[in-house]
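Grab a pencil and work through these exercises on one protein model. Try each task yourself before you read the solution.

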Amino acid sequence: MALIIDGKKISQNIKDELKEEVARLKEQGTNCCLAVIQVGDDPASSVYVRNKKRACEYIGIESKSFELPETTTEEELLKLIDDLNNDDSVNGILCQLPLPKHIDEDKVIKGISPKKDVDGFHPQNVGALVIGEKGFVSCTPAGIIQLLKRSNIEIDGKNCVVIGRSNIVGKPMSLLMLRENATVTVCHSHTKNLKEITKQADILIVAIGKPKFVTEDFVKDGAVVIDVGIHRMENKKLCGDVDYDKVVDKVSAITPVPGGVGPMTIAMLMHNCVEATKMF
Ligand code: NAD
């Protein structure tokens, strides 16, 4: 029987630990504050932003909300970010992506001070991850490491295959697994003989953005499978990048969708926010 890795429970444990830590910081007179910026009213972004603010409230992190119209210029947004960079009452800055097309996301990511970059997207934090220095790590991959560790799944010395090389998931994920002493292979859209490679994996992490792409013939018996994908099917149910029903009987552990990787992203954002406060 496969272990079904319970991301909901693990993320709740992390949030409860953070709640205690934030209370301790408050006792010492330190407030923890996250600035949340949303430009436009994309419905999916609104849901993410609402969930992030709710998590802040639960943990005791103050959230300052900036809901800007779709017509906001790049200059106006960068000015707001600059003001928040210089505002000592703000510990973390989150600018919900994607941004409207007329705003250059790269400029915005680079505009956030690396010390307040709780998403871990700034090149300075990405560089720190590459060379093994301290810095903020992208929340979804950081959450996956927590899922593995808190499920007592050994990473050291294991063969890990990551499918996907995005800046937000695949690349930082492979670097984190390397940092944990796994032997890492990164696959992407140009990879040849994908199944032959994924079948070598003790730990297979799938961040490909294609519903139910990974079936049983991609997976070695007894492997651990982490599914980052999230898609809404025609019947309104959610599914991942892995065809869960076809794979579950073959693996030793697997994350479900929903309730696997998803809840960890916000928990790790909150973690980064508390770390940012402690760094001040
Ligand atoms: P992306 O589209 O930026 O990257 C997809 C990657 O998959 C690319 O690097 C590409 O090279 C690779 N790829 C595409 N087709 C391939 C193929 N046929 N064979 C091998 N590799 C292939 O996506 P992303 O932002 O990394 O997100 C991946 C998935 O994870 C999406 O479903 C997204 O919704 C989900 N996601 C979930 C969370 C969460 O909190 N659960 C967070 C971020 C992303």
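**Exercise 1. Work out whether cysteine 139 is buried or exposed, and find how many disulfides the structure holds.**

Step 1. Cysteine 139 has a relative accessibility of 4%, so it counts as buried. Here buried means under 20% relative accessible area, exposed means over 50%, and partly exposed is in between (1.4 Å probe, protein chains only).

Step 2. Look for a partner. The closest cysteine sulfur to that of cysteine 139 sits in cysteine 273, 9.9 Å away, which is too far for a bond.

Step 3. Now the count: a search of the whole structure turns up 0 disulfides. A disulfide is a pair of cysteine sulfur atoms within 2.5 Å.

A word on the ground rules: this is a predicted model, where local features need pLDDT of at least 70 and side-chain atom pairs count only at pLDDT 80 or more, while totals for chains, interfaces and linings use all residues. Residues are numbered from 1 along each chain as its sequence is written, and side-chain values use heavy atoms, with hydrogens and water left out.

**Exercise 2. Describe helix 10 and find which elements its buried residues pack against.**

Step 1. Get the span. Helix 10 covers residues 262-279, which is 18 residues, and its first and last C-alpha are 27 Å apart, close to the 26 Å expected at 1.5 Å a residue. The expected span is 1.5 Å times one less than the number of residues. Helices (H or I, at least four residues) and strands (E, at least two) are DSSP runs, numbered from the N terminus.

Step 2. Pick out the buried residues. Among them are Met264, Ile266, Leu269, Cys273 and Thr277.

Step 3. Find the neighbours. The buried residues of helix 10 pack against helix 1 (7-27), strand 2 (33-39), helix 2 (43-59), strand 4 (92-95) and helix 6 (139-150). Contact here means heavy atoms within 4.5 Å.

**Exercise 3. Find which parts of the chain the salt bridges of glutamate 17, glutamate 67 and lysine 64 join.**

Step 1. Know the total: the structure holds 11 salt bridges. A salt bridge needs a side-chain nitrogen of Lys or Arg within 4 Å of a carboxyl oxygen of Asp or Glu.

Step 2. Take glutamate 17. Its partner is arginine 150, with the closest N and O atoms 2.9 Å apart. The pair links distant parts of the chain, since glutamate 17 is in helix 1 and arginine 150 in helix 6, 133 residues apart. Glutamate 17 is partly exposed at 39% relative accessibility, and arginine 150 is partly exposed at 34%.

Step 3. Take glutamate 67. Its closest N and O atoms with lysine 53 are 3.0 Å apart. Glutamate 67 is in strand 3 (residues 62-68) and lysine 53 in helix 2, so the pair ties together parts 14 residues apart in sequence.

Step 4. Take lysine 64. It bridges to aspartate 87, with the closest N and O atoms 4.0 Å apart. Lysine 64 lies in strand 3 and aspartate 87 in the loop between helix 3 (74-85) and strand 4, so this pair ties together parts 23 residues apart in sequence.
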